[in-house]
Amino acid sequence: HDAGNLSEAAAAFHAAATLLDEAIEVQQIADAEADGSVSLERATCRLHEALCLLKDGRPEECIAACSDVLQDGVRVVAAGEVVGADPDDPEAAETAKSVVVEPAASKRRDSLPPQIRARALHRRAKARLAVDDLDGALEDARGAAFMGDRNAVQFYGRLMREGPGVVPEGGDA
């Protein structure tokens, strides 16, 4: 992703993660993944993909890639899409007026190392800020900061001080 063609790099990392998904399924069937190394490699590929997507100006896709790593159900909801507990119940459902991020009702946690989870939260915080989801960006940045990610600590502090006007800086997104 350092060479500049972010779209191709994102696609390559996505393809690698997909292949690793298949390897994980095979290993789970064989019950051979005791150390989690394939899952860790898959998460790393998805995080590289997320970085490329973020740098390429595709924050919604970055959010999806990071949420896939975190497995917590956060997703981008397009403007005009019905959101709520029951889309068939007009009283319970709302129509999104702009791009928002909707967390899932139940959050599933993965056994990834904290530094991987922190990196995913930090990148997703920047992407959430890019889609004007300041509350979500604060939540993710705070989570990454509490996991000890130095860059996330700085980003969270800037979000708290400057609010929605914060422009994510370069570095490890």
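## Helix packing in a predicted model

The buried residues of helix 6 are Ala152, Phe155, Tyr156, Gly157, Arg158 and Leu159, where buried means under 20% relative accessible area, exposed over 50% and partly exposed in between (1.4 Å probe, protein chains only). This is a predicted model, in which local features need pLDDT of at least 70 and side-chain atom pairs count only at pLDDT 80 or more, while totals for chains, interfaces and linings use all residues. Residues are numbered from 1 along each chain as its sequence is written, and side-chain values use heavy atoms, with hydrogens and water left out.

**The chain as a whole**

- The protein chain has 6 helices and 4 strands; helices (H or I, at least four residues) and strands (E, at least two) are DSSP runs, numbered from the N terminus.
- Along the sequence, the pattern reads α-α-α-β-β-β-β-α-α-α.
- Of the 173 residues in the protein chain, 39% count as buried.
- Among contacts (heavy atoms within 4.5 Å) with a separation of 6 or more, 57% join residues 24 or more positions apart.

**Helix 6**

- Helix 6 covers residues 150-162, and its 13 residues should span 18 Å at 1.5 Å a residue, which agrees with end C-alpha atoms 18 Å apart; the expected span is 1.5 Å times one less than the number of residues.
- The cover over the buried residues of helix 6 includes helix 4 and helix 5 (134-146).

**Helix 2 with helix 4**

- Two packed helices are described by the angle between their axes and the distance between the axes.
- Helix 2 (residues 37-55) and helix 4 (residues 114-130) have axes that come within 10 Å and cross at roughly 20°; axes are lines fitted to C-alpha atoms, for helices over the stretch in contact, and angles run from 0 to 180 degrees between N-to-C directions.
- Helix 2 and helix 4 are therefore roughly parallel to each other; angles under 35 degrees count as roughly parallel, over 145 as roughly antiparallel, 65 to 115 as roughly perpendicular and the rest as oblique.
- On the helix 2 side, Leu40, Ala43, Thr44, Leu47, His48, Leu51 and Leu54 meet Ile116, Arg119, Ala120, Arg123, Lys126 and Ala127 of helix 4.
- Sorted by class, this contact of helix 2 with helix 4 has 8 nonpolar, 2 polar and 3 charged residues; Ala, Val, Leu, Ile, Met, Phe, Trp, Tyr, Cys and Pro count as nonpolar, Asp, Glu, Lys and Arg as charged, and the others, Gly among them, as polar.

**Helix 3 with helix 4**

- Helix 3 (residues 59-70) packs with helix 4 at an angle of about 155°, and their axes are 9 Å apart.
- Helix 3 and helix 4 are therefore roughly antiparallel to each other.
- The contact of helix 3 with helix 4 has 11 nonpolar, 1 polar and 4 charged residues.

- Glutamate 49 lies in helix 2 and counts as buried, at 7% relative accessibility.
- Neighbours within four places in sequence aside, glutamate 49 is in contact with Ala10, Phe13, His14 and Ala65.
- Leucine 53 is in helix 2 too, and is buried with a relative accessible area of 1%.
- With neighbours within four places in sequence again left out, leucine 53 is in contact with Ala10, Arg58, Glu61, Cys62 and Ala65.
- Glycine 143 lies in helix 5 and is partly exposed, with a relative accessible area of 22%.
- The C-alpha atoms of glycine 143 and leucine 121 are separated by 6.8 Å, at 22 residues apart along the chain.
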